[in-house]
Amino acid sequence: MFVGLPISAGFLIFVFPHRGNKVIRWYTIFICVIELLLMTYAFSYYFQLDDPLIQLTESYKWINFFDFYWRLGIDGLSLGPILLTGFITTLATLAARPITRDSRLFHFLMLAMYSGQIGLFSSQNLLLFFIMWELELIPVYLLLAMWGGKQRLYSATKFILYTAGSSVFLLMGALGIAFYASNEPTFNFETSANQSYPVTLEILFYIGFLIAFAVKSPIIPLHTWLPDTHGEAHYSTCMLLAGILLKMGAYGLVRINMELLSHAHSIFSSWLIIVGAIQIIYAASTSSGQKNLKKRIAYSSVSHMGFTIIGICSISDMGLNGAILQIISHGFIGAALFFLSGTSYDRIRLVYLDEMGGMATLMPKIFMMFSILSLASLALPGMSGFFAELVVFFGIITAKKYFLMPKILITFVTAVGTILTPIYLLSMLRQMFYGYKLFNARNSYFFDSGPRELFVSIAILLPVISIGIYPDFVFSLSVDKVEAILSNYFYS
């Protein structure tokens with residue numbers, strides 16, 4: 001039901017009058033809110049947090065020819081990303097204003113993405129996982145190509161080449177696991193999790209899935225599509241990209257690479273931790289040199305995803321819980337920063353930082369929200385990012401798999417990354433809000449944040465502060481599932 005509702009309701013949009021932009025917009029927001037409320041109600045009353053098994057399952061035979069099931073279910077690993085998806089998609093739809101060109105298609109694509117994202121996080125079937133993974137590509141491509149900036153076609157083409165090309169490896173891996181599993185091919189996660197493979201074959205499967213998830217996460221050097229995409233996309237699309245789509249890659253690493261291919265994961269984890277540490281330093285250093293505001297925030301997303309990689313590959317309770325918390329935390333913070341950059345662009349029509357300055361005097365509310373959420377991004381204590389990164393640090397230090405000196409070295413390198421983060425974020429705030437460029441310019445009167453912008457900003461800020469004060473709420477969703485993953489596949 002939760003997967004089908006948004007896209008089914010989206011088809012009704014084409015019945016609406018062509019010029020009924022306001023009606024279409026509020027109808028889409030209504031569907032998003034109803035979906036979020038229904039999911040919250042179902043999870044609150046019917047989901048058992050202390051049960052690591054799949055719950056709220058739904059299974060129907062779809063294709064008889066090769067025993068393909070429509071199989072959905074929720075566990076502690078997918079619960080957080082699903083609620084994050086509902087929350088961010090609702091706010092992104094509210095933020096998508098003004099959309100005057102092909103409003104019906106725009107809002108249909110938003111609802112189609114909503115269905116695909118919920119479907120992916122709840123899939124319990126490898127082929128269904130792939131179908132939901134692919135369902136994201138066309139909506140994002142069209143949102144980029146039709147409502148992006150001046151170089152939107154270049155960015156959209158680069159996005160589709162990277163993501164569609166990497167999806168081939170995901171499909172090959174899924175088919176390989178399905179046909180190796182038994183005499184009758186099965187795509188069921190539970191069956192595949194109990195299957196053992198020859199080491200060489202498992203490594204090949206692992207590499208295939210890793211390429212697909214490394215592009216979407218992204219992991220360097222497969223990240224170059226992301227800054228271009230963020231630089232040209234409408235800010236509501238950027239909210240979905242930063243808040244949800246990047247998290248699909250990290251989720252796939254845990255759900256498939258870690259759960260289904262545990263031996264290969266233990267082999268590759270040491271190298272991936274090194275890549276994650278390099279990614280934190282590289283992306284933070286590169287972000288400092290970006291003059292385009294949205295590209296600077298995009299590289300900060302790449303840097304923060306490095307902590308997620310380290311947490312996933314630490315093979316420890318604290319590390320994996322920290323990675324899941326980082327997925328949720330950065331989903332909120334990344335979406336908020338792109339929303340605020342978009343609202344700023346709507347007012348000053350500038351994207352390059354060296355052309356800005358003096359916005360604090362002209363737009364004090366935007367300045368306040370931008371400053372608070374930038375501090376959240378640099379892991380200020382009391383914000384969600386602080387606990388996420390801190391728990392990842394503890395995870396790598398307490399990991400039993402690694403020797404002491406490599407752990408100290410990785411911790412030192414990632415600590416340097418946390419020092420570089422304030423440099424590019426505070427520099428961004430200084431260039432945007434301080435000085436006198438816009439203040440002294442002709443016609444230098446700009447509207448400050450209105451009720452819509454304040455509502456979206458505060459709505460995202462509240463969970464960031466709430467998780468920062470009480471991170472146990474997020475940990476309570478995933479801790480039992482994390483223990484099950486690690487006990488079943490590593491410490492048995």
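Colleague: Let's start with Phe108: what is its relative accessible area?
Modeller: First, this is a predicted model: local features need pLDDT of at least 70, side-chain atom pairs count only at pLDDT 80 or more, and totals for chains, interfaces and linings use all residues. Numbering runs from 1 along each chain as its sequence is written, and side-chain values use heavy atoms, leaving out hydrogens and water. Buried means under 20% relative accessible area, exposed over 50% and partly exposed in between (1.4 Å probe, protein chains only). Phe108 is therefore buried, with a value of 13%.

Colleague: And how does the ring of Phe11 sit against Phe108: what kind of pair is it?
Modeller: Rings of Phe, Tyr and Trp (its six-membered ring) pair if their centres lie within 6.5 Å, with planes under 30 degrees apart called stacked, over 60 edge-to-face and the rest tilted. The whole structure has 19 aromatic pairs. For Phe11 and Phe108, the centres are 5.0 Å apart and the planes at 50°, so the pair is tilted.

Colleague: How many residues apart in sequence are the parts that this pair ties together?
Modeller: Helices here are DSSP runs (H or I, at least four residues), numbered from the N terminus. Phe11, partly exposed because its relative accessibility is 49%, belongs to helix H1 (residues 4-11). Phe108 belongs to helix H4 (residues 103-122), so the separation is 97 residues.

Colleague: How many of the 10 residues of H5 are buried?
Modeller: H5 covers residues 126-135. Its buried residues include Leu126, Phe129 and Trp133. Helix H5 is largely enclosed by the rest of the structure, because the buried count is seven.

Colleague: Which backbone oxygen lies 2.5 Å from a polar side-chain atom of Ser123?
Modeller: Ser123 is in the loop between H4 and H5, and it counts as buried because its relative accessible area is 0%. Leaving out residues up to four places away in sequence, Ser123 touches (heavy atoms within 4.5 Å) Arg71, Leu72, Leu128, Phe129, Met132 and Phe189. The oxygen at 2.5 Å belongs to Gly119.

Colleague: Which element of the chain has the lowest mean pLDDT?
Modeller: pLDDT is the predictor's confidence in each residue, from 0 to 100. The chain averages 84, and 94% of the residues score at least 70. Where pLDDT is low, the predicted coordinates should not be read in detail. Helix H20 (residues 451-469) has the highest mean, 90, while the lowest, 58, belongs to residues 437-440, helix H19.

Note on methods
Helix = DSSP H or I, 4+ residues; strand = E, 2+ residues; numbered from the N terminus. Polar contact = N/O pair within 3.5 Å; in protein donor to acceptor, adjacent residues only side chain to side chain.
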